[in-house]
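Work through the exercises below with the sequence and the model in view. Each task is followed by a solution in steps.

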Amino acid sequence: MSTASRKASSSPAGSSPPGGQDALLEVRHLKKYFPVTEGIFIQTEIAQVKAVDDVSFKIYRGETLGMVGESGCGKTTTGRCILHLETPTEGEIFYNGINLTKLDRKSLNRMREQIQVIFQDPYSSLNPRMKIGEIISEPMRVHQIETDKKKRNRRVHELLETCGLSAKMADRYPHEMSGGQRQRVGIARALSMRPEFIVCDEAVSALDVSIQAQVINLLEDLRDEFNLTYLFIAHDLSVVRHLCHRVAVMYLGKMVELSECDDLYENPTHPYTQALLSAIPVPDPKVEDAREHQVLKGEIPSPINPPSGCVFHPRCPKAVQNCSRQIPELREIKPGHWVACDEVSAPSIR
Amino acid sequence: MSAKIKRQMLFIFCGGGKILDSLLEIDNLRTQFFTSGGTVMAVDGVSYDVQEGETVAVVGESGCGKSVTALSIMRLIPDPPGKTVGGRIRFMGKDLLSLDDESMRQIRGRNIAMVFQEPMTSLNPVLTIGRQISETLETHLGISEEEQQKRAEELLDMVGIADGKRRLKQYPHHLSGGMRQRVMIALALACEPKLIIADEPTTALDVTIQAQILELMKDLTHRLGVALIVITHNLGVVARYANKVNVMYAGKIVEKGTAHQVYYNPRHPYTLGLLSSVPRMDQARGQKLVPIFGQPPDLTRLGVECAFRPRCRFAIDRCSREIPPLENFADGQQAACWRMHEIDDLKKETL
């Protein structure tokens, strides 16, 4: 893949990346604050949850960007902002050069055809009262892509088969299917619009190991077949390493590290990334016995009142005094490897 | 490796040297659920032992019967619809299945404790943390209120909750998920049990919190010499923490052995499939996963065949006629497969 040789631009959200790479999606200084209100009739805003706080990144055509982090880090909110299921508080989202935040409803709906989503929970993301065929054909009907019912049905059967299900499944209801099959239906529905870009929000997290592998392989095959671009949101770093070209690590609404995939896992630079990787057990007893396990102290702070300075400093083993005062900027420590930590300098080879 | 040897030596020095009976022996346990859709063979002839102070893992996917086995040990299977229809569970020389309810109640929480998956739902939301801990102490140890308070504070301190006095007055909703799981562990340790059964203790938690809880459990079980049964679907957790591993599929143990045997020399095609379908964090990109095709069987319709046969790459005629028993392979490793001796060659052929 060309990602390894990709040269980085001057900023993670810089205007034009070199090397002829064109960014399909670009997020610039995205912020999403949720109000915390008090009172029943007269609601007054008492605080804000800073779910996403100034996040910028690009996703290049044909690449899969992994977005990882623990609960409350803002990875899902970022995905929802891109899908325009949430209106960003601040910041811009460019898709194919078009600013999504400035679009009116009608043109936004047209953009939505190209940006699809696969949700985490295959149990709640399919309408239990609709047949599988109806679920998959609904987007085509709504967007009037295929107005002829017969053709639509043919397309449904095609999609089911592409996703490894039998065409007969079209007449079934979601409750008749297993979790893995339902997730395949979710994928078929996303594909029905022939999108270029799919946000996979924890798309394989709810599945059992053997089924998860099937769905991961399906996502990979579809990516190659239809030249798809994914934003792959997940908390499982093992899955992310397997599937993604580049990885962004989030912590408490901030992006702390962004790098080419293998480089991130081999040379994690931000103390949070290091701790996160060390916390994940590898299914190999010898490797586990030999590895050092770094356990982070404390818990993830509340995003209502995030710590001052670097949000990670209360838990950081390398924190110095300055960390509680200054918010570290994301900066490039080597080509394509961005870290938001002032304490790391040159490429640290561990 | 060295840590494991040290642990074993410690065990021998601490009096484990004389040959003792196993702490827990499960023999041919069978638990079924009688539903309108048919009889679900949730646990179908499971046997394993747990020695004092050791950590045993039970791995498998949803519905393989790993949790039901644990609940059967505790005799917490809701009846109806469930019932343990056969087998024996011996714990410290007592047959748990033949005990009357009162004697069982004394063992539960006192000698065998349990840590559940969901710390949100397994604590009582209307009682303070302190009340929940002292309830256990009062029931089983009958100590005075002052002593209860003192012991409760001690326990919170042991599981790494600072400021115990204040915490004891709080309700579960005041605490984060990780904190609640720490309270669950404190509760489990309250009466110094011999055995703790942890059913997916960290599945609901975030990665860094999961690491904290697992390290805590490992540390405490070693220090206090408590045996631990970890039920999980996470093969990484097993590799990091378990001495012995039991792999379950469709209500049966299909393979058992030490962690090294099972991970480096799997004898059952299911174990092999499971290991090759997990993406690994320490593996470079681009390697294709080899998933197990198909889906787990319907436990109400298990025929006289190996339950894994429909998904098995190596199935032969015999697999559809006879159920393979769990048999010795070598050095205590066991597998339930007719072709367990050929599996290395078969593996090479398919790759």
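**Exercise 1: a helix and the sheet of chain A**

Task: find which strands helix α1 of chain A lies across, and then describe the sheet.

Solution. Helix α1 (residues 75-82) of chain A lies across β3 (64-68), β6, β7 (197-201), β8 (229-234) and β9 (246-251) of chain A, and runs at about 150° to β8(A). Helices (H or I, at least four residues) and strands (E, at least two) are DSSP runs, numbered from the N terminus. Angles run from 0 to 180 degrees between N-to-C directions, with axes as lines fitted to C-alpha atoms, for helices over the stretch in contact. This is a predicted model, in which local features need pLDDT of at least 70, side-chain atom pairs count only at pLDDT 80 or more, and totals for chains, interfaces and linings use all residues. Residues are numbered from 1 along each chain as its sequence is written, while chains are lettered from A and ligands numbered from 1 in the order in which they are written.

Next, the sheet: in chain A, 8 strands form an open sheet in the order β6-β7-β8-β3-β9-β10-β12-β11, with mixed pairing. Two strands pair if DSSP finds at least two bridges between them. β6 (115-118) and β11 (331-334) of chain A each have a single partner strand, so one side of each lacks a neighbour in the sheet. On average, neighbouring strands of this sheet are turned by 20° against each other, direction ignored.

Last, one pair: β10 (residues 254-260) and β12 (residues 337-339) of chain A are antiparallel, with 2 bridges. In this pair A:L258 is opposite A:W338.

**Exercise 2: the sheet of chain B**

Task: state how β3 and β8 of chain B run, and name the residue opposite B:V59.

Solution. Begin with the order, β6-β7-β8-β3-β9-β10-β12-β11 in chain B, an open sheet of 8 strands with mixed pairing. Its edge strands are β6 (112-115) and β11 (327-330) of chain B. Strands β3 (residues 55-59) and β8 (residues 227-232) of chain B run parallel and are joined by 5 bridges. B:T232 in β8(B) is the residue opposite B:V59. Helix α8 (residues 177-189) of chain B packs on the sheet, touching β6 and β7 (195-199), and its direction makes about 175° with that of β6(B).

**Exercise 3: one proline**

Task: why does B:P279 count as buried, and what does B:P279 touch?

Solution. B:P279 is in the loop between α12 (269-277) and β11 of chain B. B:P279 counts as buried because 22 C-beta neighbours lie inside 10 Å; the cut-offs are 20 or more other C-beta atoms within 10 Å for buried, 12 or fewer for exposed, and partly exposed in between, with C-beta atoms placed from the backbone.

Not counting residues up to four places away in sequence, B:P279 touches A:I216, A:S238, A:V239, A:R241, A:H242 and B:L289. Contact requires C-beta atoms, placed from the backbone, within 7 Å. The C-alpha atoms of B:P279 and B:L289 are 6.9 Å apart, and the two residues are 10 apart in sequence.

**Exercise 4: the contact between the chains**

Task: how many residues does each chain give to the contact?

Solution. Chain A gives 38 residues and chain B gives 39 residues. On the side of chain A, α6 (209-226), α7 (237-243), α8 (261-266), α9 (271-279) and α10 (285-290) each supply at least two residues. α6(A) gives the most, with 6 residues.

Technical notes
Contact = placed C-beta atoms within 7 Å.
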